[in-house]
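Work through the following exercises with the sequence and coordinates at hand. Each task is followed by a solution in steps.

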Amino acid sequence: MTRFTLPDLGEGLQEAEIVRWHVAVGDQVKVDQPMVAMETAKAIVEVPSPFDGVIVALHGKPGDTVGTGAPLVDFSLAATAATATTDPGIARGGVVGRMPESDTVIQNAPQANARTATRRTRAVPAARELARRLNIDLDAIRGSGRDALVTLDDVLGASPAAPAAAKPHIPVATSSMRPAMEGTESGEIEILRSLRRAMAQSMTLARDNVMECTVFDDADIEGWSAQGDYTVRLLRAIGAGCRAEPGLNAWFDGSTQGRRLFHHIQVGIAVDTRDGLLVPVIRDVGNRDAAALRAEVNRLKAGARDRTLPATDLRDFTIMLSNFGVMAGRYATPVVVPPSVAILGAGRISRDVVAVDNRIEAHRRIPLSLSFDHRCVTGGEAVRFLAGVIGDLQLPA
Amino acid sequence: MAKITLVDGINMALGRALADDPDVVLIGEDIGINGGVFRATAGLQQKFGTLRVQDTPLAEGLIAGMAVGMAAQGMKVVAEIQFMGFLYPALDQVANHMARLRNRTRGRITCPVVIRMPHGGGIHAPEHHSESLEVLFCHHAGLRVVCPSTPARAYGLLLAAIREPDPVIFLEPTRLYRMAKQDVSDDGKALPLDQAFVMRAGDDVTIVTWGAMTYETLQAAEQLGQEGINAEVIDLTSLSPIDHDTILDSVAHTGRLVIVHEAARNAGLGAEIAATVAEKALYDLLAPIERVTGYDTVMPYFALERAYIPTVARIVEGVRRTLQG
């Protein structure tokens, strides 16, 4: 028989109380198997078996206090004899709590894993994120920043170019000449997030580049013969404005001071979606009749709402229309999106008190807000355009 | 060479320092006759006598104050604080005097003191026995803070700390005291006090950790390795000063950083590392920096301590978040 006495369970404590036994007389136990939970003044400590053997006697029952050094457990050892360390008190018991122990050997040799030699593209975090969302391979971009750092402009400049046929020729293509909504043809959720992001970027571009000026007026439509198709009339009026003054149906690149006037009128219509601003484009507005325009507006609006428009419907507008007054708002300062140079805003139609000869009458009027890029459009050109718009809108049909 | 545990490595380094340098003196609670609660000083008083290995009263302020006074008079003091939660009474002496002696005397007097103490939980101990308070020291100029994670480093760094003319806070990861063994020869060779160690090389993510968390972190790295994700694991080791160069070099390679520490997250050392990487290596990062830490609450009693200490699963999860970003 071998006797195991209670070791010092921590910091020189004199005694400990038995909380519960995990073993009973007759049990076969192995080294390190928990035998008993002992409560000291500091903690509940699990006391492991120092031997392989059979329990012969337990000295004490739960609640009993056992002095350090007093008998705790008697063993009958296995034939292989004691495997306990020579001083279990030092090796196991004499600490606070329970020390993890193992015979794991840490190898002194350095780890065999090695790095593979690669040098990644360095990029501004926002550029990295934009490239991810636009599905552009960052490593394929040559960074223009310090130490080949890829900037936001580098990513915008690398966004996929449109097929040449679908895109009017621009003297010098720069990022600022790019219609803002490329790469949004897919209906994926991620693209919806990027819509709003693209809006932020194109608005920032506009703020940083465009010298914007806005002029306000009203079109009196009391004389409309029937109810009239509001959006189609506005499109037609833009055509009339462009005929009166072609300088607003144009693109402008500030970096080269290059201006290009267009023969065809491609009107981008601002469509408000839950995920941000979409600008589908109505082609060749000047040469289409009302029915064709209405059909095209319907198609684009539906496509914008369910995000099924192909990229070709979303780029290369030459002038913009924002028909924001459907719910509220009379006048605004619509933002000119480079490289286009003008945007016409139409507010909520209301019945206004107007002077007719010397009488007072109430007429239905459309409030108009025309923003233009004063870098390349003069005030005179803008109001000539606006006069053309108003003149067409005020026709009975 | 002998296969020894981390606490054996500390004992061996202390014995070597006592034998090599007559100015070295050990002080602390129960370190003499008892050999220390973790047996770090076992046998040393018997071998070197009561003048070289002195038991002190249970008064941490006194221990630190004694150390300052003895060091100012030319001795090299190795003081043991029994558990990290007991250090607060000593902090006045450490922060206001020990750390400042060189500065206060314009370099005439240094303060060669090592304060050893257990660091971190995981051993089922009661309150005040499981804290991870390294930032208290890292924030003070004039102190070095070191935390070894292997027996060999415990030996080499403790020798370096004792030979260092300025005060060193020497944090011993409690649950690694006997966790594993390593071949360590008692050759008296010190290791550099201000270097991080790359424990595992990899391409995909850098994990910086220290102390006992190296254990879970290496397990997490192995688990990720089986999925083909190669983590580079850095054992920071020197918590003040931080070896930023090693971290920045690794992040430039992997582009992702996860910091693992047992201490609470708020104003933890991980924040300092993250801030430095953001300042110096933002353009190298492929994903936001991730921290896997203890929680901003009191270290719980032993029944819940495993819920507090970052687990292998939490580290793996942290790495996965950086791979998504």
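Axes are lines fitted to C-alpha atoms, for helices over the stretch in contact, and angles run from 0 to 180 degrees between N-to-C directions. The model is predicted.

**Exercise 1.** Determine how α9(B) and α10(B) cross, and which residues meet there.

Solution.
1. Take helix α9 (residues 244-254) and helix α10 (residues 269-281), both of chain B; their axes come within 11 Å and cross at roughly 60 degrees.
2. Angles under 35 degrees count as roughly parallel, over 145 as roughly antiparallel, 65 to 115 as roughly perpendicular and the rest as oblique. α9(B) is therefore oblique to α10(B).
3. The hand of this crossing of α9(B) and α10(B) is right-handed.
4. From α9(B), the residues B:H244, B:I247, B:L248, B:V251 and B:A252 meet B:I273, B:T276, B:V277, B:K280 and B:A281 of α10(B).
5. Sorted by class, the residues of this contact are seven nonpolar, two polar and one charged.

**Exercise 2.** Give the strand order of the open sheet in chain B and identify the strands at its edges.

Solution.
1. The sheet has seven strands in the order β3-β2-β4-β5-β7-β6-β12, and the pairing is mixed.
2. β3 (53-55) and β12 (238-240) of chain B each have a single partner strand, so they stand at the edges with one side lacking a neighbour in the sheet.
3. On average, neighbouring strands are turned by 20 degrees against each other, direction ignored.

**Exercise 3.** Describe the pairing of β2 with β4 in chain B and the helix α3 that packs on the sheet.

Solution.
1. β2 (residues 24-28) and β4 (residues 76-80) of chain B are parallel, paired over five bridges.
2. Within this pair, B:V25 is opposite B:V77 of β4(B).
3. Helix α3 (residues 60-72) of chain B touches β2, β4 and β5 (113-119).
4. The direction of α3 makes about 170 degrees with that of β4(B).

Notes: Residues are numbered from 1 along each chain as its sequence is written. Chains are lettered from A and ligands numbered from 1 in the order in which they are written. This is a predicted model: local features need pLDDT of at least 70, side-chain atom pairs count only at pLDDT 80 or more; totals for chains, interfaces and linings use all residues. Two strands pair if DSSP finds at least two bridges between them. Helices (H or I, at least four residues) and strands (E, at least two) are DSSP runs, numbered from the N terminus. Two residues are in contact if their C-beta atoms, placed from the backbone, lie within 7 Å. A crossing is left-handed if the near helix is turned anticlockwise from the far one by less than a right angle, and right-handed if clockwise. Ala, Val, Leu, Ile, Met, Phe, Trp, Tyr, Cys and Pro count as nonpolar, Asp, Glu, Lys and Arg as charged, and the others, Gly among them, as polar.
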